[in-house]
Each structure stands twice: as structure tokens, then as C-alpha cells.
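Here are some worked exercises to go through with the structure open beside you. Try each task on your own before you read its solution.

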Amino acid sequence: EHEDERCENLRQALARLTEADLALLALKYDECFDTERIAEAMSIPEGTVRSRLFYLRDKIRKMMKENKS
């Protein structure tokens, strides 16, 4: 798979996420916040942040696999 195709595949997967999911990912990967800072910023428990990140990464992987087919 070419890098351009992979990037487009990722863009398509991200476009299907909710604003709350995108905000969480932005804090983690754009702002480089750790889970404690994300929890504070979003007023949710740190365990919830870790859980959501785990499931979001899995969801994105699955959507990218579907888009690839």
C-alpha cells in the first residue's frame, strides 16, 4: 500500500469519528498531553481516557482495514 493511499485511508477513518473522539485524539497526539492532563482538560477520570484511547485506536484500525477492502 502506498503512503498516499494509507494517508487517505486514515483521513476517511478520522472523518467518521465524533467531535469528542477527535478532541481526545488532538489532545493526545497534537498537544502531546499525557492521560492525566487529558483527564483534567476533559473533566473525566484518567481511566476513562486510557480506555477511550485504546478503543479509538482499535476502531480506527478496523475502519482503515474496511476502507482498504
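Contact here means heavy atoms within 4.5 Å, and buried means under 20% relative accessible area, exposed over 50% and partly exposed in between, with a 1.4 Å probe and protein chains only. Helices (H or I, at least four residues) and strands (E, at least two) are DSSP runs, numbered from the N terminus. The model is predicted: local features need pLDDT of at least 70, side-chain atom pairs count only at pLDDT 80 or more, and totals for chains, interfaces and linings use all residues. Residues are numbered from 1 along each chain as its sequence is written, and side-chain values use heavy atoms, with hydrogens and water left out.

**Exercise 1. The whole chain**

Task: Work out how many helices and strands the chain has, and what share of its residues is buried.

Solution: 
- Step one is to count elements: there are four helices and zero strands. Along the sequence this gives the pattern α-α-α-α.
- Next, look at the extent. Taken along the principal axes, the C-alpha atoms fill a box of roughly 40 × 20 × 15 Å.
- Then take burial: of the 69 residues, 26% are buried.
- Last, consider contacts with a separation of 6 or more: residues 24 or more positions apart account for 58% of them.

**Exercise 2. The two sides of α2**

Task: Find which residues of α2 are buried, which are exposed on the other side, and what covers the buried ones.

Solution: 
- Start with the inside. Helix α2 spans residues 19–30, and D21, L24, L25 and L27 are buried in it.
- Now look down the axis. The buried residues of α2 fall within an arc of 160°, so they line one face of the helix. The arc is that of the directions from the helix axis to the C-beta atoms.
- Turn to the other side of α2, where E19 and D30 are exposed.
- Finally, look for the cover: the buried residues of α2 are covered by elements including α1 (3–15), α3 (35–42) and α4 (46–68).

**Exercise 3. Two helix pairs on α4**

Task: At what angle does α1 pack with α4, and at what angle does α3?

Solution: 
- Begin with α1 and α4: the angle is about 120° and the axes are 9 Å apart. Axes are lines fitted to C-alpha atoms, for helices over the stretch in contact, and angles run from 0 to 180 degrees between N-to-C directions.
- That angle makes α1 oblique to α4. Angles under 35 degrees count as roughly parallel, over 145 as roughly antiparallel, 65 to 115 as roughly perpendicular and the rest as oblique.
- List the partners: R6, N9, L10, Q12, A13 and L14 of α1 meet I60, M63, M64, N67 and K68 of α4.
- Sort them by class: the contact of α1 with α4 has six nonpolar, three polar and two charged residues. Ala, Val, Leu, Ile, Met, Phe, Trp, Tyr, Cys and Pro count as nonpolar, Asp, Glu, Lys and Arg as charged, and the others, Gly among them, as polar.
- Move to α3 and α4, which pack at about 110° with axes 8 Å apart. That makes α3 roughly perpendicular to α4.
- Here T35, E36, I38 and A39 of α3 make the contact with E46, V49, R50 and L53 of α4. The classes are four nonpolar, one polar and three charged.

**Exercise 4. Positive phi in the loops**

Task: Which residue follows α2 with a positive phi, and which follows α3?

Solution: 
- After α2 comes C32, in the loop between α2 and α3. Its phi is about 60°, positive although C32 is not a glycine.
- C32 counts as exposed, at 61% relative accessibility.
- After α3 comes S43, in the loop between α3 and α4. S43 has a positive phi near 55° and is a residue other than glycine.
- S43 counts as exposed, at 66% relative accessibility.
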